[in-house]
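Trainee: Can you walk me through this one? I'd like to go through the contacts first, then the packing.

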Amino acid sequence: MFDSQIHDLIEQEKQRQINGVELIASENFASKEVIDAMANVLNNKYAEGYPGKRYYGGCEVVDQIENLAKSRLNQLFGTEYANVQPHSGAQANAAIFLACLQAGDTVLGFDLSHGGHLSHGSAVNYSGKIYDAQFYGVEEDTGVIDMDKVEAKAHATKPKLIICGASAYSQDWDYARFRAIADSVGALLLADISHPAGLIATGLLNNPVEHCHIISTTTHKTLRGPRGGVIMMGKNFDNPWGRTTKKGNPIKMSSILNSGVFPGMQGGPLEHIIAAKAVAFNEALTPQYKTYTQQVIKNSQAMASAFIDAGYNIVSGGTVNHLMLLDLRKNTSISGKEADAALGHAHITVNKNMVPFDDKSPFVTSGIRLGTPAITSRGLVESDCQEIVGWIDAILKDHSNESLIKDIGTKVSNKMSQYPLYPSV
């Protein structure tokens with residue numbers, strides 16, 4: 001039966017995406033091939049367990065799909081182990097916590113209010129409710145992490161797990177130093193690369209694989225795939241707790257992490273999403289994808305430079321990746337919430353975001369976060385980003401001017417009509 005209501009709502013969302021400038025750093029536009037891989041008969045197959053060890057019959061084909069996804073992911077990052085079943089990055093992290101920690105164990109992560117992630121120990125998340133969450137942050141004067149203070153915090157709190165990774169940090173990570181700190185306190189080191197994964201895969205940012213025990217990421221941000229998560233390891237090492245099989249053989253970390261995902265955190269995997277992950281990983285192995293990620297950074301840096309020239313404060317002073325965090329307190333009186341709404345009326349989508357040492361609530365905030373993966377997928381380049389900054393600046397400084405916002409909204413839609421979302425459709 002044709003569902004006209006849902007059809008019309010999907011069409012409205014499609015038009016919103018087509019007509020707007022998408023600057024939410026967590027979002028991207030998957031290829032038509034990735035989307036096609038999600039919408040097919042694989043949705044009908046239940047495949048609880050792992051390839052070759054399923055709890056249901058009829059898994060011969062989906063076993064091949066899942067193994068192909070893992071093989072492509074390992075090739076992309078140079079890893080030895082991959083689990084492609086997590087439904088999201090947060091569930092990947094939850095599975096790692098479940099596999100590696102006991103309730104009440106101490107974890108050391110990047111403070112959410114400084115740019116970290118909810119699943120790295122936030123008090124409102126399982127990671128902060130079940131575990132003893134401790135945090136490091138950025139310096140107020142530089143907006144950059146002081147690694148000496150991270151080391152001091154680790155020695156003071158003795159965590160079982162240290163997490164490096166963020167949702168709103170525009171600098172690279174010193175994975176080698178983090179590993180040295182982790183080793184000094186006997187902690188496992190987890191790199192959550194959900195945001196910069198695509199930039200790391202193409203060699204544009206530091207690679208955690210040789211330094212971090214475990215790596216998690218989403219697949220829908222810079223990787224430009226379906227919404228989902230994965231877990232990886234550079235080497236499949238013996239577990240550090242001495243856990244053994246009934247025969248006394250050491251249990252590999254791959255088995256422990258697999259059990260954290262299934263049966264620990266979730267049941268049957270989404271094989272249609274895993275197929276779409278495989279397509280996205282294959283796309284990320286092409287020269288064209290590296291050209292794309294290079295342009296993502298060029299666009300981000302062009303945007304950051306334009307904001308700085310216009311008098312704005314970017315936390316940490318600039319960006320080396322795909323995103324930036326604007327502290328609006330320097331030269332505007334607008335809150336993050338107000339900026340989010342005003343820009344949205346002009347078809348420019350951002351998200352309000354807390355900034356380090358924010359004096360406003362998480363529901364209001366003093367900042368906005370912006371990223372360039374999605375607009376780069378549409379084909380925009382540096383000059384386009386500079387033009388967008390001009391529009392944003394005009395709105396932020398006169399956000400009550402409805403006529404101005406409407407005029408800029410028209411300009412935005414006219415511009416984006418030149419960059420079809422799916423030209424082949």
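Mentor: Start with a term: a polar contact is a pair of N or O atoms within 3.5 Å; within protein, one must be able to donate a hydrogen and the other to accept it, and residues adjacent in sequence count only if both atoms are side-chain atoms. This is a predicted model, where local features need pLDDT of at least 70 and side-chain atom pairs count only at pLDDT 80 or more, while totals for chains, interfaces and linings use all residues. Residues are numbered from 1 along each chain as its sequence is written, and side-chain values use heavy atoms, with hydrogens and water left out.

Trainee: OK. Which side chain does Ser194 join in a polar contact?

Mentor: That of Asp192, at 2.7 Å. The Ser194 side chain also reaches the backbone nitrogen of Thr218, at 3.1 Å.

Trainee: Where does Ser194 lie?

Mentor: In the loop between strand S8 (188-192) and helix H8 (197-201). Helices (H or I, at least four residues) and strands (E, at least two) are DSSP runs, numbered from the N terminus.

Trainee: Is Ser194 buried or exposed?

Mentor: Buried, at 9% relative accessibility. Buried means under 20% relative accessible area, exposed over 50%, partly exposed in between (1.4 Å probe, protein chains only).

Trainee: And what does Ser194 touch, not counting residues up to four places away in sequence?

Mentor: Ser216, Thr217, Thr218 and Lys221. Contact means heavy atoms within 4.5 Å.

Trainee: Switching to rings. How many aromatic pairs does a search of the whole structure find?

Mentor: It finds 13. Rings of Phe, Tyr and Trp (its six-membered ring) pair if their centres lie within 6.5 Å; planes under 30 degrees apart count as stacked, over 60 as edge-to-face and the rest as tilted. Take Phe97 and Tyr131: the centres are 5.2 Å apart and the planes sit at 75°, so this pair is edge-to-face.

Trainee: Where are Phe97 and Tyr131 in the chain?

Mentor: Phe97 is in helix H4 (residues 89-100), and Tyr131 is in the loop between helix H5 (126-129) and strand S6 (132-136). Phe97 is buried at 0% relative accessibility, and Tyr131 is buried at 8%.

Trainee: What about Phe110 and Tyr169?

Mentor: Edge-to-face, because their planes are at 75°, with the centres 5.5 Å apart. Phe110 is in strand S5 (residues 106-110), and Tyr169 is in the loop between strand S7 (161-164) and helix H7 (175-185), 59 residues apart. Phe110 has a relative accessible area of 0% and is buried. Tyr169 is buried too, at 7%.

Trainee: Which residues do ring pairs link into a cluster?

Mentor: Phe110, Tyr136, Tyr169, Trp173 and Phe178.

Trainee: Which ring does Arg224 lie over?

Mentor: Tyr292, at 3.9 Å from the ring centre. The charged end of Arg378 sits over the ring of Phe29, 5.8 Å from its centre. A charge sits over a ring if NZ of Lys or CZ of Arg is within 6 Å of the ring centre and within 35 degrees of the ring normal.

Trainee: On to packing. How many residues has the largest nonpolar core?

Mentor: It has 53, and those with the most contacts inside it are Phe77, Ile162 and Trp173. A nonpolar core is a set of buried Ala, Val, Leu, Ile, Met, Phe, Trp, Tyr and Cys residues joined through side-chain atoms within 4.5 Å. Helix H3 (residues 60-77) gives the largest share of this core, six residues. Apart from it lies another core, of 34 residues, among them Ala346, Ile395, Ile408 and Val412.

Trainee: Which residues are buried in helix H12?

Mentor: In H12 (residues 336-345), Gly336, Ala339, Ala342 and Leu343 are buried. Down the axis, the buried residues fall within an arc of 130°, so they line one face of the helix. The arc is that of the directions from the helix axis to the C-beta atoms.

Trainee: What do the buried residues of H12 pack against?

Mentor: Several elements, including strand S15 (367-371), helix H14 (382-397) and helix H15 (402-416).
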